[in-house]
Amino acid sequence: MMNGPHMTTASPPPAEHAIGSIGQCMLWLMETQVGGPGVMNVPIIYRMRGPLQVSALSAALTRLVERHEMLRTSFAWNECPEPEPSWLSQYVHPGSEVSVKCVDVSTEDDPYEAAYEGIRARLVQDIDVTTGPPFTVDLYRLSPSDHLLMVNVHHIVTDAWSNMLICRDLGEFYSREVGAPESELESVDWSFRRYVEWQQERSSGPTGEANTAFWRRELARMKYLDLRPAPQRAADKKPPTENVWFAVHGPQMGRLRELAKQQRTTLFVVMLTLFYCVLHTVSGENDLAVGSVFANRPRRELYNTVGFFANLVVLGAQLPEHPSFGDVLRVVRRTVLEALGHQEFPYLIMMGDPSMPPGAIRASEVVFHMLAVPENVSPPSGVTFSGLQVEPHPIPDGMGSRFDLELLIVPQVGMLEGVYRYAGDRYEKEFVERLARCYQDLVDTVVDNPDVPLADLLDGHLR
């Protein structure tokens with residue numbers, strides 16, 4: 001049994017029209033051309049223990065939608081005859097009441113499994129962003145003091161940073177509704193529509209030309225990292241994703257931060273370098289291309305705006321022969337710094353360019369992503385709902401995979417959580433579990449000796 005947000009208003013004023021961003025256009029085409037079950041779903045799942053007030057949750061969601069216009073936006077694709085380009089429209093609707101219905105599964109033999117099965121079923125369904133709100137809400141009552149909540153947001157209006165904003169603001173609005181003292185929320189300085197205008201100005205001038213030239217040069221030399229023979233897929237549709245989880249606990253995380261400081265770089269670069277080392281070990285390749293998702297909020301005015309800002313860039317690293325971890329780190333640091341200067345440009349816009357080699361377009365099928373935590377926003381396990389104990393809940397398998405292989409690093413309180421997401425028709429679970437163990441073994445070693453040769457560390461580990 002499913003439930004979702006019910007938004008009602010009497011005689012609503014007309015929606016405000018705007019052009020979609022370049023990134024939103026790319027997502028739209030990705031979903032329609034190579035989508036899979038729920039491939040664009042970006043869920044927030046919480047286990048909530050304590051006296052949850054459903055009416056307060058509904059009111060908090062209403063205030064959340066009022067604050068963030070992307071949560072009340074619908075979309076339409078405008079197909080134009082060649083040579084005119086097709087384009088995406090977005091329609092920002094007025095705020096309206098959100099009413100959440102709670103499904104009571106407390107009398108089931110296994111209430112948790114009944115709720116989790118409902119969530120799994122929801123996640124393989126697509127959200128229709130042309131007709132309704134771009135999110136759904138599912139709330140299950142396991143007992144009077146135990147609930148499972150999922151707010152499932154379509155990717156076209158959110159990214160990892162935005163979902164953290166949603167978590168923060170929903171918790172604050174709920175706490176206010178139950179009478180807790182208010183905490184100040186920073187203002188939303190720019191709407192997403194304002195960002196799109198700014199993006200169009202940037203892409204049509206010298207900055208856009210420089211970005212295009214940079215990525216054309218970079219992509220021309222990249223090739224797809226073929227870790228496993230490619231399967232035959234019906235109409236190129238992505239299969240359901242599967243997950244392998246692991247963790248880097250507090251002491252090691254602290255030592256990795258110290259290593260980053262010593263090497264004059266960031267924790268992101270260190271964690272990405274570990275991934276390059278694993279890929280080098282399993283493939284034997286020195287010329288490696290990894291896709292990476294950058295938060296891409298180039299202006300301070302966007303830090304509190306919910307929307308799809310993240311951009312996938314391709315990082316091509318050419319490793320020296322017989323490298324040490326330190327050697328790889330220096331190459332990756334330079335590669336990331338060069339890419340950061342051109343991160344606004346969505347390279348997928350060049351998919352139709354016949355001058356691009358096929359391997360360049362597929363180079364991002366192996367992806368690394370480390371969540372960027374906005375200022376004044378705790379990791380998900382730090383979100384506060386007054387009177388409740390709230391814990392983030394793992395996303396189940398079964399959603400469509402966006403990439404063949406993706407490593408996601410999630411900062412949590414006192415630890416780093418890692419998950420390999422992979423296409424189940426391409427990789428075996430045992431193989432991906434070995435990738436996870438290899439990554440963890442590297443963490444344990446390089447914090448003490450970053451200059452140890454990789455061959456001494458990992459020879460025979462995966463091959």
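I began with the side chains of Asp 138 and Arg 122, which are joined by a polar contact of 2.8 Å in this predicted model. Asp 138 sits in strand E8, residues 135-143, and I count Asp 138 as buried because its relative accessibility is 0%, where the cut-off is under 20%.

From strand E8 I went on to its sheet, which is open, has five strands in the order E7-E8-E9-E3-E14, and shows mixed pairing. I noted that strand E7 (102-104) and E14 are the edge strands, each with a single partner strand, so one side of each has no neighbour in the sheet. Ignoring direction, I found neighbouring strands of this sheet turned by 25° against each other on average. For E7 and E8 I listed three bridges, with the two strands running parallel, and within this pairing Asp 104 has Arg 141 in E8 as its bridge partner. H2 packs on the sheet and touches E7, E8 and E9, and its direction makes about 165° with that of E8.

Which order do its three strands take? The order is E2-E5-E4, in an open sheet with antiparallel pairing. Its edge strands are strand E2 (16-19) and strand E4 (73-78), each of which pairs on one side only, and the twist averages 25° from one strand to the next. E4 and strand E5 (residues 87-92) run antiparallel and are joined by six bridges; I picked out Ser 74, whose bridge partner in E5 is Tyr 91. Helix H5 (residues 192-203) lies across E2 and E5, and I recorded that H5 runs at about 30° to E2.

I then turned to the salt bridges, for which the count comes to 19. One of my entries is the pair Asp 169 and Arg 67, with the closest N and O atoms 2.8 Å apart. This pair links distant parts of the chain, since Asp 169 is in helix H4 (residues 160-177) and Arg 67 is in helix H2 (residues 54-67), 102 residues apart.

Arg 297 lies in the loop between strand E11 (287-294) and strand E12 (311-318), and Asp 159 in the loop between strand E9 (146-154) and H4, so the pair ties together parts that are 138 residues apart in sequence. Both Arg 297 and Asp 159 are buried.

For another entry I took the side chains of Arg 426 and Asp 404, which meet in a salt bridge at 3.2 Å, N to O. I placed Arg 426 in the loop between strand E16 (415-423) and helix H11 (429-446), and Asp 404 in the loop between strand E14 (389-392) and strand E15 (405-412), with the two residues 22 apart. Arg 426 is buried, with a relative accessible area of 4%, and Asp 404 counts as buried at 0% relative accessibility. I also noted a network of salt bridges that links Glu 16, Glu 69 and Arg 193.

Is Asp 189 buried or partly exposed? I found that Asp 189 counts as partly exposed, because its relative accessibility is 48%. Asp 189 lies in the loop between H4 and H5, and its side chain makes a polar contact of 2.6 Å with the side chain of Ser 187. I noted too that Asp 189 and Leu 302 are 113 residues apart in sequence and 6.8 Å apart in space, C-alpha to C-alpha.

Helix H7 (residues 250-262) and H8 pack at an angle of about 105°, with their axes 8 Å apart, which makes H7 roughly perpendicular to H8. I listed Leu 256, Arg 257, Leu 259 and Ala 260 in H7 as meeting Leu 267, Val 270 and Met 271 in H8. Within helix H8 (residues 267-283) I also looked up Thr 281, which counts as buried at 5% relative accessibility. A polar atom of the Thr 281 side chain lies 2.8 Å from the backbone oxygen of Cys 277.

Terms used: Residues numbered from 1 in each chain as written. Predicted model: local features only at pLDDT ≥ 70, side-chain atom pairs only at ≥ 80, totals over all residues. Heavy atoms only, no water. Helix = DSSP H or I, 4+ residues; strand = E, 2+ residues; numbered from the N terminus. Buried < 20%, exposed > 50% of the residue type's maximum accessible area, 1.4 Å probe, protein only. Polar contact = N/O pair within 3.5 Å; in protein donor to acceptor, adjacent residues only side chain to side chain. Pairing = 2+ DSSP bridges. Axes fitted to C-alpha atoms, helices over the stretch in contact; angles between N-to-C directions. Contact = heavy atoms within 4.5 Å. Salt bridge = Lys/Arg side-chain N within 4 Å of Asp/Glu carboxyl O. Parallel < 35°, antiparallel > 145°, perpendicular 65-115°, else oblique.
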